[in-house]
Amino acid sequence: MSSSRTGRGRRLALAFLLLFLLPIGWSAGHHAAGYRGPDWSATGRASAGLLAPAGATPEAVIRVYAARTVRWSGIFATHTWIVVKEAGAARYDRFDYTAWGEPIRINGFVADGRWFGREPELVFAADGATASAAIPKIRAAIAGYVHANRGDYRAWPGPNSNTFVAAVLAAADLEASLPPTAIGKDFPHDGRWLAPATAGLGFRATLGGYVGLTLGWYEGLEISLFGAVLGLDIRRPAIKLPAIGRIGMGESFV
């Protein structure tokens, strides 16, 4: 009986491991076959045309974008950033967290610019009164971000760009969750191994960002292993696969 249970346990463990490894392998092959490198000279960081001119948009705006990272890390991960504009403001402000210089970069890139040639996708959008109420919280969270010093950035397991964006969104009480390819989003930026999920509807548990479990209304069920996320979205039916991302109904933004 014990040997039968052991064998069954091994098969389940192998199946679980393959659920992580096979999507990563597929993504690596797709990356190798299709990625020709960014067009640094023409479109490396140029606008992708996702935002209307700030002057033509009188209401307050919040946007969160994600784009595949460059070179081999694009197999696994996306880089995310935040864009805000107060009502009546003449420009957008973009906030990134990067590995060089001062980690928090303000308007270092075009608000809706490509990430070194990679097309950005919309993750979250809020406008009008919702955005106006949240922008002061966003700015306060950025000003008080604990990992704001040179040398704080760590690509893996964090704190990285996705850790920064996740922390700011949580502080602003926005009902937004980052895509499963946003490796580092579950890193415990505040040192807590157990924290609320988005909007307090669920929980997030993590062991230093290496292994984690999230169960929430906006995230669904997510199992994180060394940053790779395997999950199931119930609210907007979809599966979440390591390296590939979300496959299912609609997009990932709210």
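Leaving aside neighbours within four places in sequence, T69 is in contact (heavy atoms within 4.5 Å) with G74, A77, T78, H79, W115 and R118. This is a predicted model, where local features need pLDDT of at least 70 and side-chain atom pairs pLDDT 80 or more, while totals for chains, interfaces and linings use all residues. Numbering runs from 1 along each chain as its sequence is written, and side-chain values use heavy atoms, with hydrogens and water left out.

Staying with T69: the residue sits in the loop between β1 (61–68) and β2 (78–85); strands are DSSP runs of E, at least two residues, numbered from the N terminus. T69 is buried, at a relative accessible area of 13%, because buried means under 20%, exposed over 50% and partly exposed in between, with a 1.4 Å probe and protein chains only. F116 lies 47 residues from T69 along the chain, and their C-alpha atoms are separated by 8.1 Å.

Next, L215. This residue belongs to strand β8 (residues 211–216) and is partly exposed, at 43%. L215 is also one of the residues in a nonpolar surface patch, others including W193, F203 and I247, with about 900 Å² of accessible area together.

Last, the cavities. On a 1 Å grid over the protein atoms alone, a cavity is a set of points where a 1.4 Å probe fits but cannot get out, and lining residues have an atom within 4 Å of a point. The second largest cavity is lined by 13 residues, and G184, K185, D186, S224 and G227 lie nearest its centre.

Conventions: Patch = residues over 30% accessible without salt bridge, like charges linked within 9 Å, V, L, I, M, F, W, Y side chains within 5 Å. Areas by Shrake-Rupley, 256 points an atom, 1.4 Å probe, with all protein chains shown as cover. Salt bridge = Lys/Arg side-chain N within 4 Å of Asp/Glu carboxyl O. Helix = DSSP H or I, 4+ residues; strand = E, 2+ residues; numbered from the N terminus. 1 Å grid on protein atoms, 1.4 Å probe; cavity = no way out; pocket = protein on both sides within 12 Å on 5 of 7 lines; lining within 4 Å.
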